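Subject: Handover of a structure with its findings

Dear colleague,

Please find the structure below, together with its sequence. My notes on what was found in it follow directly after.

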Amino acid sequence: MLEHDVIIVGGGLAGCRAAVEIARTNPSLNVAVVAKTHPIRSHSVAAQGGIAATLKNVDSSDSWEAHAFDTVKGSDYLADQDAVEILTREAPDVVIDLEHMGVLFSRLSDGRIAQRAFGGHSHNRTCYAADKTGHAILHELVNNLRRYGVQIYQEWYVMRLILEDGQAKGVVMYRILDGRLEVVRAKAVMFATGGYGRVYNTTSNDYASTGDGLAMTALAGLPLEDMEFVQFHPTGLYPVGVLISEAVRGEGAYLINSDGERFMARYAPSRMELAPRDITSRAIAYEIRAGRGINPDGSAGGPFVHLDLRHLGKEKIMSRIPFCWEEAHRLVGVDAITEPIPVRPTIHYCMGGIPVNTNGQVRSSGENFVEGFFAAGETACVSVHGANRLGSNSLLECVVYGRRTGAAIAQYVQDRKFPTVDEQLYLRQAQQKLQSLLDQGGKYRINQVRQAFQDTMTEYCGVFRTEELMRQGWEKLQQLQQQYTEIYLDDKGSCWNTEILEALELENLIVVGQMILSSALNRQESRGAHFREDYPERDDVNFLKHTMAYYSPAGIDIQYRPVTITMFQPQERKY
Ligand SMILES: Cc1cc2nc3c(=O)[nH]c(=O)nc-3n(C[C@H](O)[C@H](O)[C@H](O)COP(=O)(O)OP(=O)(O)OC[C@H]3O[C@@H](n4cnc5c(N)ncnc54)[C@H](O)[C@@H]3O)c2cc1C
């Protein structure tokens, strides 16, 4: 059995930042990071637009209080304000710390870190490295893992959280290269497994964003928080869905419908294209529904709108947002210097997740905690984003709460002994699970079931939701879960068997989809990204509370937990 003081699942920004903090705090601890990808292929590497912090390099009137207010208002008042205060107060410090580690931020002419406008932020506070910010930060963090001697298990797939008697004791993992199984026991387990974009059929997320950490947590009997809040990013490149960063609108691009109109004037007159993402995505979806979308031949009534950068000019486009220009050029043959880019909303971010407190400790219920289990980053819900995340606050969350969680773990493991784990039992169960997948003589291909599942989630639990639609969706999910037991695998081998991984991931996707749908059905109001056409208003009397959903094969139990309000009383949200 492998043994580490701390095992961190996830090599993105949150996992790496936590590992660095543990190593800095107590170099004698034995820390390992495991990732199913190479760490620098974690989705964090794809982050483009930037990381928010009130450095005041561009706008001296900015303050952490203003950042906190924007974040809480953006969240439609569902964020926990104690967590938002920590996020925004610690932001300048974590960004400077990243700079000291060697992150190459873009600069002002006087050498200080440059900052740009971003949706829902009232001041220019987003720090960036052109439009490759995640790349710049993650590479430096991974370098630091090596510097601090953190052990990296790359391309190992974690299949199961070992949880016994309210204690996390380790994980079971599978080496993709040769199918080897290992049990790892640890004094603390941390999940930093990222989001679940692949639950839907059109997403900006990478192929690895399958919500594994969320599903493993739910299957262990622990709750997931606020899963109904799924962020659609307004500008997914049509038809592929990859992201055209909000930085493009931050730099001044326009959204235009088939009438040539800057339609955001109707939805968010004061913020226009820089309204928060929930409002902008719905506005685009309304325009398309009303027949003012555009077709590939330029006629009206089509499936996308235009993102127009032409007035920015070549020099600005190529220096500030070169990657977005390249994406549009490479993937759909559009030269954004002379032509508008076709865009429509794409699934982007998971506001909910594994419920944690501000030290990253995982909740087993409203106010109780699991021993030895921590989480941070997109997979966690601390909740700084509430019902809608502001752009550039997620990288910030990963770094602020990665650091805090790392510091808390370093303290926590000091007084903890290695738990006892029955290695053979867990190996046997994992082996049986894999073998039964290989032996299963079903009639469905994995891809068929996955596509049907992703289409179901997109159609029945997308931008616009109703009770009737979601109930139909629920029926379909039940059928798909049945079909999952009848999938067959062609590859029976143990060497780089990606079919086994896809089968394990699909099981996780379906669990996550069920958690999203049932949480959404129960929230009979509209708030942030969760929009119910049958309940179009926000309802603070009945629903100013966090969903806590508990999974069991018999059904999903929904409970609620209060929101922490310390600074800002809920108001009507207008832009
Ligand atoms: C295209 C794009 C652009 C973005 N731009 C911005 C931006 O400009 N600013 C901003 O603030 N946010 C942005 N975001 C959001 C932000 O990048 C993410 O929320 C954040 O990087 C998530 O980091 P993470 O560490 O939580 O997870 P990730 O970076 O997603 O890493 C997850 C890790 O977990 C591992 N893993 C998952 N499951 C398993 C398993 N079963 N076994 C082993 N390992 C596993 C993966 O291999 C990976 O290493 C963007 C997101 C996308 C998709």
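Two residues are said to be in contact, or to touch, when they have heavy atoms within 4.5 Å. Not counting residues up to four places away in sequence, Ile162 touches Gln167, Ala168, Lys169, Gly170, Val171, Val172, Val183, Val421 and Tyr426.

The model is predicted: local features need pLDDT of at least 70 and side-chain atom pairs count only at pLDDT 80 or more, while totals for chains, interfaces and linings use all residues. Residues are numbered from 1 along each chain as its sequence is written, and side-chain values use heavy atoms, with hydrogens and water left out.

Overall architecture

The chain has 16 helices and 20 strands; these are DSSP runs numbered from the N terminus, with helices (H or I) of at least four residues and strands (E) of at least two. Its radius of gyration is 23 Å, close to the 25 Å that the globule rule gives for 575 residues, so the chain is as compact as a globular protein of that length. The radius is taken over C-alpha atoms, and the rule is 2.2 Å times the number of residues to the power 0.38. Along the principal axes, the C-alpha trace spans about 65 × 55 × 50 Å.

Of the 575 residues in the chain, 63% are buried. Here buried means under 20% relative accessible area, exposed means over 50%, and partly exposed lies in between (1.4 Å probe, protein chains only). The chain exposes about 20400 Å², of which carbon and sulfur atoms supply 47%; accessible areas come from the Shrake-Rupley method with a 1.4 Å probe, and for residues only the protein chains shown count as cover. Among contacts between residues at least 6 apart in sequence, 74% join residues at least 24 apart.

The ligand and its shell

The ligand is surrounded by 39 residues, the closest being Ser42, His43, Ser44, Glu378 and Ser394; a residue is counted if one of its heavy atoms lies within 4 Å of the ligand. This shell divides into 16 nonpolar, 19 polar and 4 charged residues. In that division Ala, Val, Leu, Ile, Met, Phe, Trp, Tyr, Cys and Pro count as nonpolar, Asp, Glu, Lys and Arg as charged, and the others, Gly among them, as polar. At least two shell residues each come from helix H1 (13-25), strand S2 (31-35), strand S7 (156-164), helix H5 (212-219), strand S14 (341-350) and helix H11 (394-414).

Polar contacts are pairs of N or O atoms within 3.5 Å; within protein, one must be able to donate a hydrogen and the other to accept it, and residues adjacent in sequence count only if both atoms are side-chain atoms. A polar backbone atom of Ala14 is 3.0 Å from an oxygen atom of the ligand. A nitrogen atom of the ligand lies 2.9 Å from a backbone N or O atom of Lys36, and a polar side-chain atom of Asp212 lies 2.9 Å from a nitrogen atom of the ligand. Taken alone, the ligand exposes 1000 Å², and the protein buries 98% of that.

Asp212 is also one of the buried residues of H5, a helix in which 7 of 8 residues are buried. H5 is followed by Gly221, which has a positive phi near 90°.

Ile162 lies in strand S7 and, at 0% relative accessibility, counts as buried. Its C-alpha atom is separated by 8.5 Å from that of Arg185, 23 residues apart along the chain. Arg185 is in strand S9 (residues 181-191) and is buried, with a relative accessible area of 17%. The side chain of Arg185 makes a polar contact with the side chain of Glu3 (2.7 Å).

Backbone points to inspect

Most residues other than glycine have a negative phi, and most peptide bonds are trans. Glu155, in the loop between strand S6 (151-154) and S7, has a positive phi of about 60° although it is not a glycine. Glu155 is partly exposed, at 30% relative accessibility, and its contacts include Lys36 and Trp496. Asp165, in the loop between S7 and strand S8 (167-175), has a positive phi of about 50° and is exposed, with a relative accessible area of 75%. The peptide bond from Tyr238 to Pro239 is cis, with omega near 0°; Pro239 is in the loop between strand S11 (230-237) and helix H6 (247-250).

With kind regards
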